[in-house]
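Hi,

Here is the structure I promised to pass on. Have a look at it first, and my notes follow below.

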Amino acid sequence: MEPIREKLRSESGASILLALLFFLLCAMVGASVLMAAASNAGKSRSGREEQQKYLTLSSALQLVCDELTAAEYTAKYSYTSVHYPAVYDPKTGALISPEYTHHKYEQKEGMFACELSGVLPLREELDWLFAEKFYVAASPPDTCECIPLTGGSIREPGEKHMLTLSVPDQADKPGLGESVALTVQLTKNYKIYLSASLGDYAMYAELSNSGVPKIEEGKSGCDQPIKWQLSQITREEPT
């Protein structure tokens, strides 16, 4: 009986057990530190990649916006008038037709001054918009003729035109030399929407117009060109 009691009271294996418990605790702490470090490294790398995409896309959008805000569209048309005297019956002297002036307005191809005019058909789309409202409200319809452009020289706006843009490196933004897929879209209210993307990361820009072209009664051509200004560059798609 006494040997059994001695074995139960013996502490010869306690140090081993404590060592094992201490080792297990250290292993758990070490694993937690490694996991936290790996997580922070992943977040840091993801943050750098997202910042890089933001800088690249915002630079690409800004480059195209700079060209479009420097652009101007001027609507073109001609105006002629012919005066017709009154016509009387030679026998009775009765008035056959009163005198009147016939006004004729004929739309011409507009002028779109922009460095991107060679790759973006915005002049044709702007002419389409002008043709949709090519009339003179102040003149009687029987004395005024308005002839808008038709056919292949105009096209309905709304299509998204694709561009591939290579963003050059900049002193304060190194590493931007990537190719960016970019779209330009003219809406029927004369606004211009842009979008740019790198993979699943996208950004958008909106340009508002300074006005719309109108026919002035008795005048040839529009004096005030349409211009655009940047409203916003954002990650939210414009509605």
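What percentage of the chain's 239 residues count as buried? The figure is 31%, where buried means under 20% relative accessible area with a 1.4 Å probe, protein chains only.

Before you go further: this is a predicted model, where local features need pLDDT of at least 70 and side-chain atom pairs count only at pLDDT 80 or more, while totals for chains, interfaces and linings use all residues. Residues are numbered from 1 along each chain as its sequence is written, and side-chain values use heavy atoms, leaving out hydrogens and water.

The chain has three helices and ten strands (DSSP runs, H or I of at least four residues for helices and E of at least two for strands, numbered from the N terminus). Along the sequence they run α-α-β-β-β-β-α-β-β-β-β-β-β.

Now the inside. The largest nonpolar core has 45 residues; such a core is a set of buried Ala, Val, Leu, Ile, Met, Phe, Trp, Tyr and Cys residues joined through side-chain atoms within 4.5 Å. Among the elements that each supply at least two of its residues are α2 (14–69), β7 (179–186) and β8 (192–198). V184 is one of the residues with the most contacts inside this core. Leaving aside residues up to four places away in sequence, V184 touches V64, L68, L120 and I192, among others (contact means heavy atoms within 4.5 Å).

One more spot: S153 sits in the loop between β5 (144–147) and β6 (161–166). S153 is buried, because its relative accessible area is 18%.

Cheers

Conventions:
Buried means under 20% relative accessible area, exposed over 50%, partly exposed in between (1.4 Å probe, protein chains only).
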